[in-house]
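Got the sequence and the model open? Let's go through them as a few quick questions and answers.

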Amino acid sequence: MSTTAPAQPEVAERPPGSVFRARARPPRPTALSASLTFAWRALLKIKHVPQQLFDIIAVPIVFTLVFTYMLGGALARSTGEYLQFLLPGVVTQTVLSVTMYTGSTLNGDVAQGVFDRFRSLPIWRPAILVGALLGDAVRYLIASTLAIAIGLLIGFHPGGGLAGVLLALLLLLVFAFSLSWLWTTLGLVLRTPQSVTQVSMTVLFLLTFASNIFVDPRTMPTWLQAAVAVNPVAHLVTAVRGLMHGTATLAQIAWVLLCCAALVAVFAPLTMHRYRHQRE
Amino acid sequence: MDSPSELAIEARGLVKVFGEARAVDGVDLAVRAGGVYGFLGPNGAGKTTTIRMLATLLPPDAGTARVLGHDIVRDADAVRGRVSLTGQYVSVDEQLTGSENLVMLARLLGHSWAGAKARAGELLDSFGLTEAAGRLVKTYSGGMRRRLDIAASIVVTPDLLFLDEPTTGLDPRSRNQVWDIVRALVAEGTTVLLTTQYLDEADQLADRVAVIDRGRVVAEGTPSELKASVGSGTLHVRLRDPQHRLKAERVLSQALGVPVHLESDPAALSARVSDPEPVARALARLSRSGVAVTHFTLGQPSLDEVFLTLTGRTAEDSTKDTT
């Protein structure tokens, strides 16, 4: 209770009135406005618990430094040269690892009673998830900016210049947003945040390591090359690398956008279906 | 008041099945607009499931219901626009502050940022939460959470408010504050449907009560009708020596003219009495026959007694059966 301790409950002392009579309902918020409100909610949580930024700060630093210096010498005989190849991939991997938390966060979130209230509001229903993902986009942006900044510090020279890097970032964020719908589906299908994290990590491990992030796939056995050829993350890395170095083709970018569209087309409706039938 | 259009809730044969269990098994309801309607029953009786269906959070498996004239399935959006639900478990965001919670909801209901802040401010003020407005909800006491929860439900004042066990687990002072809020809302024209496990609460607030057990309405009426059906009260007697219990049972049932129950406590007996008059005589006769009484009470019927009368089982047994 508050420090004021009147004998009578303070609620009763106030004249009942307009507070309990605010029946006029403002116009229903637009889908965009509702989504932005949920994005605001996601950002408030970061503000109140800044420790959760630890992941998105530690992951880019550790990944960039460890992979460059540990693997650089062995794989490319020179860390400097390898960095030009590796950094776009590490930025990609960093952002994709950060997307994983979306699922476990959502899993813990929907268990809260407040989701009942959200569900009972007359709003555009996907706004809850779109808003959460927009909030997450801020975290992706921080993680990717950090990874690129570290790369530049240790000698990364993007041939595509600032415009190339920004376009690469944009493409990466679009892909991260699309991939997040896979995590939201898992987040609503699986029972606990722990199981969500485990499954997501396994999926992500396969997607990122069976790709061209660390090495040229031509060094891999044929069956693995075939796997890499159909891995959407490999297409993404090719395009991001191309954009940063100014060598990307339209076809490479189109492939990525196609993957994004496919991810959203499959997993957004699945997520919404699960969301609607949660706890029924 | 009696025309069907004045009914806030009209339900026929509502059914909800979870796996094998028929959580709600054919509930009929007619709740008039205005005032408080109580839903009385033990844990697992189907109270929460019923109001979640009425609030459009769960689709019914069978049956129909109209809330404020709108069908809960075909017209769910229209229902959502006019009702509000405060769930049994706190339905505010614990990781945000009290103020942020209300601003967020006001935004989601269509207020501008300025309008949302103004509405949040006046609600916090009326609910005695201004000082705590900037603190995270997870630091709130149970009573503060409840009040914030109800404030969150009336950001736009609903025509019908569902309160699911609003005072379970609250201390008496917080409970009184919640009751005052409910009375203030009703005074301003909101219809309130509340579920409770406490006969006392239904008695204090509700104009009419439905007793629900195993997914069915087993009785309906005003709290006084309900209590009258159980007798005016119950005499509880506790003996010094449990060995005397059978003797005491015989003496009491003769003096009172009603059956006497043997409680699970081996030294305790109880009897429902319609009239306090013979109680004094019965107790005197007990002491004359040499049975020492350590304690006796003559109280209002409890929920357990209402249940025993209406269903032949105690509320506790009922809980065990359905879970």
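Two strands count as paired if DSSP finds at least two bridges between them. Keep in mind that this is a predicted model.

Q: In what order do the four strands of the open sheet in chain B run?
A: The pairing in this open sheet of chain B is antiparallel. β12 (261-262) and β14 (293-299) of chain B each have a single partner strand, so they stand at the edges with one side left without a neighbour in the sheet. Reading across, the order is β12-β13-β11-β14 (chain B).

Q: Which residue of β14(B) is the bridge partner of B:Val237?
A: Strand β11 of chain B covers residues 233-239. Six bridges join β11(B) to β14(B), and the two run antiparallel. In β14(B), the bridge partner of B:Val237 is B:Phe296.

Q: How many of the seven residues of β14(B) are buried?
A: A residue needs 20 or more other C-beta atoms within 10 Å of its own to count as buried. β14(B) is an edge strand with a single partner, and it is hardly covered. The count of buried residues in β14(B) is zero.

Q: Which helix lies across β11, β13 and β14 of chain B?
A: Two helices of chain B are worth a look here. Helix α9 (residues 245-256) of chain B lies across β11, β12 and β13 (268-273) of chain B, at about 10° to β13(B). The helix that lies across β11, β13 and β14 of chain B, running at about 170° to β14(B), covers residues 277-288: α10 of chain B.

Q: What distance separates the centres of domain 1 and domain 2 of chain B?
A: Chain B is divided into domain 1 (4-228) and domain 2 (232-300). The C-alpha trace of chain B spans about 75 × 45 × 40 Å along its principal axes. Taken over C-alpha atoms, the distance between the two domain centres is 41 Å.

Q: How many of the 10 residues of helix α5 of chain A are buried?
A: Helix α5 of chain A covers residues 101-110. Among its buried residues are A:Tyr101, A:Leu106, A:Asp109 and A:Val110.

Q: Which element gives the most to the side of chain A that touches chain B?
A: The contact takes 35 residues from chain A and 48 residues from chain B. On the chain A side, α1 (10-13), α2 (31-48) and α6 (114-120) give two or more residues. By class, that side has 17 nonpolar, six polar and 12 charged residues. With six residues, the element that gives the most is α2(A).

Note on methods: Residues are numbered from 1 along each chain as its sequence is written. Chains are lettered from A and ligands numbered from 1 in the order in which they are written. This is a predicted model: local features need pLDDT of at least 70, side-chain atom pairs count only at pLDDT 80 or more; totals for chains, interfaces and linings use all residues. Two residues are in contact if their C-beta atoms, placed from the backbone, lie within 7 Å. Ala, Val, Leu, Ile, Met, Phe, Trp, Tyr, Cys and Pro count as nonpolar, Asp, Glu, Lys and Arg as charged, and the others, Gly among them, as polar. Domain bounds come from an automatic or database domain assignment. Axes are lines fitted to C-alpha atoms, for helices over the stretch in contact, and angles run from 0 to 180 degrees between N-to-C directions. A residue is buried if 20 or more other C-beta atoms lie within 10 Å of its own, exposed if 12 or fewer, and partly exposed in between; C-beta atoms are placed from the backbone.
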